[in-house]
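Please keep the structure in view while reading.

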Amino acid sequence: MTPQDSRKFHELPIKPHGILWHEDFISASHEAELISIFQNELEWPSRSGRISLHYGYSFDYKTFGIDPDIPYKEFPAWLQPLIPTTESRPPDQVCLQYYPPGSGIPPHVDAHMAYDQLYALSLGAPIMMQFRRGEDRVDVDLLPRSMMQMTGESRLFWSHGIKKRKNDTLPDGEVRPRRDRWSITYRWVREGECECGDVEVCDVAQRRQGVEKEKRSLKELALKAEASA
């Protein structure tokens, strides 16, 4: 990606505001090469469901921040061309995830204290992601080869997640079976502190109010999400 490609990002005309979208961030042939690397050259954790690999600093799923006990891991050569050039510096943490059919991720807001910018590149099969705030629910179809940047209220105030199910129902009523999907999520460590002041979702505002951030495992979060779905 070259710097002028940043002009291809456009904001989706939906609520929440701040979802920036690049329809074809890479070509279909590049995507096929990457999936071949993912399937044949990488060493994934040996467990079922959604699995992850980390580059740069490792993501801590209990604190939703950086794990200080795991050393920095250099970005591999295949990842270098996929790093967005819209920011002034490279990301501090990149997470590669594999979603087998039927898997998902609980709704969450990435920690305000730890992270600033958030990008996600989708590869393989499409999947529906749901943004939530209060009673509002908005589905976004994550198409293969698309790069999404969450900014503003979509990044800070709305949770995002993927429901665990075998099929997605599209707006026209079509039922689309889920298939293998991969994503690459890019995070930048925040410089300074978040000043949004929203005690409901911001761990900085919570700390200033003397409220300790809730820390739970992904399994516990998934059970809560399924119960409220």
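In this predicted model, the charged end of arginine 187 sits over the ring of tyrosine 115, at 5.6 Å from the ring centre.

**Aromatic pairs**

Two of them are set out below.

| Pair | Centre to centre | Angle between planes | Geometry |
|---|---|---|---|
| Phenylalanine 9 and tyrosine 119 | 6.2 Å | 85° | edge-to-face |
| Tyrosine 55 and tryptophan 78 | 5.9 Å | 85° | edge-to-face |

The pair of phenylalanine 9 and tyrosine 119 links distant parts of the chain, since phenylalanine 9 belongs to the segment before β1 (10-11) and tyrosine 119 to strand β8 (residues 115-124), 110 residues apart. Both of these residues, phenylalanine 9 and tyrosine 119, are buried. In the other pair, tyrosine 55 lies in strand β3 (residues 51-56) and tryptophan 78 in the loop between β5 (65-66) and β6 (93-99), so the contact ties together parts that are 23 residues apart in sequence. Tyrosine 55 and tryptophan 78 are likewise buried, and they belong to one aromatic cluster together with Phe38, Trp44, Tyr98 and Trp182.

In soluble globular proteins, nonpolar side chains tend to be buried together. Here the largest nonpolar core has 28 residues, and those with the most contacts inside it are Phe38, Trp78, Ile184 and Tyr186. The elements that contribute two or more residues to this core are α1 (28-40), β3, β6, β8 and β15 (181-189). Leaving aside residues up to four places away in sequence, isoleucine 184 touches, among others, Phe38, Trp78, Leu79, Val94, Tyr119 and Leu123. A second, separate core of 16 residues includes Tyr99, Ile105, Met129 and Leu142.

**An open sheet**

Which four strands form an open sheet, and in what order? The order is β7-β12-β9-β10, with antiparallel pairing. Because β7 (105-108) and β10 (136-142) stand at the edges with a single partner strand each, one side of each is left without a neighbour in the sheet. From one strand to the next, the twist averages 20°. Strand β7 runs antiparallel to strand β12 (residues 159-162), to which two bridges join it, and isoleucine 105 stands opposite isoleucine 162 in β12. Ile105 is also one of the residues included in the second core.

Definitions and conventions:
Residues are numbered from 1 along each chain as its sequence is written. This is a predicted model: local features need pLDDT of at least 70, side-chain atom pairs count only at pLDDT 80 or more; totals for chains, interfaces and linings use all residues. Side-chain values use heavy atoms; hydrogens and water are left out. Rings of Phe, Tyr and Trp (its six-membered ring) pair if their centres lie within 6.5 Å; planes under 30 degrees apart count as stacked, over 60 as edge-to-face and the rest as tilted. Buried means under 20% relative accessible area, exposed over 50%, partly exposed in between (1.4 Å probe, protein chains only). A charge sits over a ring if NZ of Lys or CZ of Arg is within 6 Å of the ring centre and within 35 degrees of the ring normal. Two strands pair if DSSP finds at least two bridges between them. Axes are lines fitted to C-alpha atoms, for helices over the stretch in contact, and angles run from 0 to 180 degrees between N-to-C directions. A nonpolar core is a set of buried Ala, Val, Leu, Ile, Met, Phe, Trp, Tyr and Cys residues joined through side-chain atoms within 4.5 Å. Contact means heavy atoms within 4.5 Å.
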